[in-house]
Amino acid sequence: MLRFRLRSCRYLLLIFATAMLLAGCPKRNQDFAAGIRAEEMQDYDTAIVYFERALRASPKNAEYKLWISRARFEAGEQHIQMGRAAAQNGGLQGALAEFERAQAIDPSNPLVDQEAKHVHDQLAEARGGEARTVTGPGEGEHENFLTGPPVLKPLSLSPVNLKMSNDCRIVFETVAKLSGLGIVFDPDLPARRISVDLSNVSLEQALDAVAFESKTFWAPMTSNIIMVAPDQPQKRREMKSR
């Protein structure tokens, strides 16, 4: 009887010790889990943001790197399909914006370069040969048919009112969504929690305020897509060369 009680006590102690051990184990990275949920909903742009956050917390995690690569590929393919659909409906500017977004997300995809060039040619023909070519990456030449830097044309011109405290990427994304803009982040952009209190300001003023607080800068890639990068001389030079 005594042996039975001792055995029962040891069993209960083992269960208790196991429960305590499991309770002390680190939980799965919440950003990684959020990225998986976003990918399941085919929101690959958001998935990339979460996977990159998870990787910044565990830079040597090979699994996170694999998921980021896959999400970038899927996001690029998704924007290519959206660009094709826009082009078929006659929305060449919208198609070009989607292809340029795909280029920024997954530069290794050769298909998107062909799609973008095709739309460039159509725009050039529509503009009666007003296009010009400037030096850039690739085979030495990058076609740019704008006569100057892109001018933002947000879907909404309403003043921005936002009081928020969160990671700078989330704040930028919120401002962009309020105005109907797309946004791409430089891969080297670090996580940084900021607080903003924006009251009745323009889109540019809101973006400038967020950039100031997060020590970043932003620049339009197209009329409805901006890119955000760390405010460093090298990054600014890279942005000008795009």
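Colleague: How do α5 and α6 run relative to each other, roughly parallel or roughly antiparallel?

Modeller: Roughly antiparallel. Helix α5 (residues 92-105) and helix α6 (residues 110-126) pack at about 155°, with their axes 9 Å apart. Angles over 145 degrees count as roughly antiparallel, under 35 as roughly parallel, 65 to 115 as roughly perpendicular and the rest as oblique. Axes are lines fitted to C-alpha atoms over the stretch in contact, and angles run from 0 to 180 degrees between N-to-C directions.

Colleague: Which residues of α5 and α6 make the contact?

Modeller: From α5, Leu92, Gln93, Ala95, Leu96, Phe99, Ala102 and Gln103. From α6, Val112, Asp113, Glu115, Ala116, Val119, His120, Gln122 and Leu123. Contact means heavy atoms within 4.5 Å. By class, the contact of α5 with α6 has nine nonpolar, four polar and two charged residues. Asp, Glu, Lys and Arg count as charged; Ala, Val, Leu, Ile, Met, Phe, Trp, Tyr, Cys and Pro as nonpolar; the others, Gly among them, as polar.

Colleague: Before I go on, what is this model based on?

Modeller: It is predicted: local features need pLDDT of at least 70, side-chain atom pairs count only at pLDDT 80 or more, and totals for chains, interfaces and linings use all residues. Residues are numbered from 1 along each chain as its sequence is written, and side-chain values use heavy atoms, with hydrogens and water left out.

Colleague: Now α3 and α7. At what angle do they pack?

Modeller: About 165°, axes 12 Å apart, for α3 (residues 44-57) and α7 (residues 168-179). That pair is therefore roughly antiparallel.

Colleague: What classes of residue are in that contact?

Modeller: Five charged, two nonpolar and no polar. Val49, Glu52, Arg53 and Arg56 of α3 meet Arg169, Ile170 and Glu173 of α7.

Colleague: Switching topic. Where is Ser156?

Modeller: In the loop between β2 (141-144) and β3 (160-167). Helices (H or I, at least four residues) and strands (E, at least two) are DSSP runs, numbered from the N terminus.

Colleague: How many helices and strands in the chain?

Modeller: Nine helices and seven strands.
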